[in-house]
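Here is a briefing on one protein chain. Read it alongside the sequence and the 3D view.

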Amino acid sequence: MDKINRFFVKTELEQISMGKHLLLEVYGVDFNLLNNVESLQSTMITGIERAKMTILNVFSHCFIPQGCTIVIALAESHVSCHTWPENGCLAIDVYTCGDKNPRLIAIELLKYLNSDNYNLREVYR
């Protein structure tokens, strides 16, 4: 087997999942919902609490003239959110290890964002 093909063959250890990585993009969202860092952060925290995860630290930053970034470090890994209110969209990244369910966080965010136009992917890493 040559070097390149050997690179793509997974060993038994590599097939063990360390966690779930949920990727969520939401479109068609009201500008004010995406530009309200306090409400968005509160919704993320509600989802984290619902999933029974442990918050270690919360960081948020608002950009001028619009948009925000929120990063929440968890004992189980992290949740991050980046918004583009001028385009009506945001990207959310949830990585969790163990048996925690990152979809509970996504559900809370989708309720808050009030949009059916989204793309959700889950990757086992």
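Helix axes are lines fitted to C-alpha atoms over the stretch in contact, and the angle between them runs from 0 to 180 degrees between N-to-C directions. With that in hand, helix H3 (residues 37-50) and helix H4 (residues 103-113) pack at about 145°, their axes 7 Å apart. The model is predicted. The chain has 125 residues, and 39% of them count as buried.

**Overall layout**

- The secondary structure comes to 4 helices and 6 strands.
- Read from the N terminus, the order of elements is α-β-α-α-β-β-β-β-α-β.
- Contacts between residues at least 6 apart in sequence were sorted by separation: 64% of them join residues at least 24 apart.

**The H3/H4 pair**

- H3 passes H4 in a right-handed crossing.
- On the H3 side, the contact is made by Ser 39, Leu 40, Thr 43, Met 44, Thr 46, Gly 47, Ile 48 and Arg 50.
- On the H4 side, the contact is made by Leu 104, Ile 105, Ile 107, Glu 108, Leu 109, Tyr 112 and Leu 113.
- By class, this contact has 9 nonpolar, 4 polar and 2 charged residues.
- An α-helix has 3.6 residues a turn, so residues three or four places apart point the same way.

**The nonpolar core**

- The largest nonpolar core has 28 residues.
- Leu 40, Leu 90, Ile 105 and Leu 113 have the most contacts inside this core.
- The elements that give two or more residues to the core are strand S1 (19-26), H3, strand S3 (68-74), strand S4 (77-84), strand S5 (89-97) and H4.
- H4 gives the most, with 7 residues.

**Helix H4**

- H4 is mostly covered, with 8 of its 11 residues buried.
- The buried residues are Leu 104, Ile 105, Ala 106, Glu 108, Leu 109, Leu 110, Tyr 112 and Leu 113.
- These buried residues pack against S1, helix H2 (31-35), H3, S4, S5 and strand S6 (118-124).
- Just after H4, Asn 114 takes a positive phi of about 55°.

- Ile 105 lies in helix H4.
- Is Ile 105 buried or exposed? Ile 105 counts as buried because its relative accessibility is 0%, and buried means under 20%.
- Leaving out residues up to four places away in sequence, Ile 105 touches Met 44, Gly 47, Ile 48, Ala 51, Met 53, Val 79 and Val 94.
- Ile 105 and Thr 46 are 59 residues apart in sequence, yet their C-alpha atoms are 7.7 Å apart in space.

**Cysteines**

- How many disulfides does the chain have? The count comes to 0.
- A disulfide needs the two sulfur atoms within 2.5 Å.
- Cys 62 is partly exposed, with a relative accessible area of 40%.
- Cys 97 also counts as partly exposed, at 30% relative accessibility.

**Backbone points to check**

- The peptide bond from Ile 64 to Pro 65 is cis, with omega near 15°.
- Pro 65 lies in the loop between strand S2 (55-62) and S3.
- Lys 52 has a positive phi near 60°, in a residue other than glycine.
- Lys 52 lies in the loop between H3 and S2. The residue is exposed, with a relative accessible area of 63%.
- Ser 77 has a positive phi near 145°, again in a residue other than glycine.
- Ser 77 lies in strand S4. At 23% relative accessibility, Ser 77 counts as partly exposed.

Notes
Residues numbered from 1 in each chain as written. Predicted model: local features only at pLDDT ≥ 70, side-chain atom pairs only at ≥ 80, totals over all residues. Heavy atoms only, no water. Buried < 20%, exposed > 50% of the residue type's maximum accessible area, 1.4 Å probe, protein only. Left-handed = near helix turned anticlockwise from the far one by under 90°. Contact = heavy atoms within 4.5 Å. Nonpolar A, V, L, I, M, F, W, Y, C, P; charged D, E, K, R; others polar. Core = buried A, V, L, I, M, F, W, Y, C linked by side-chain atoms within 4.5 Å.
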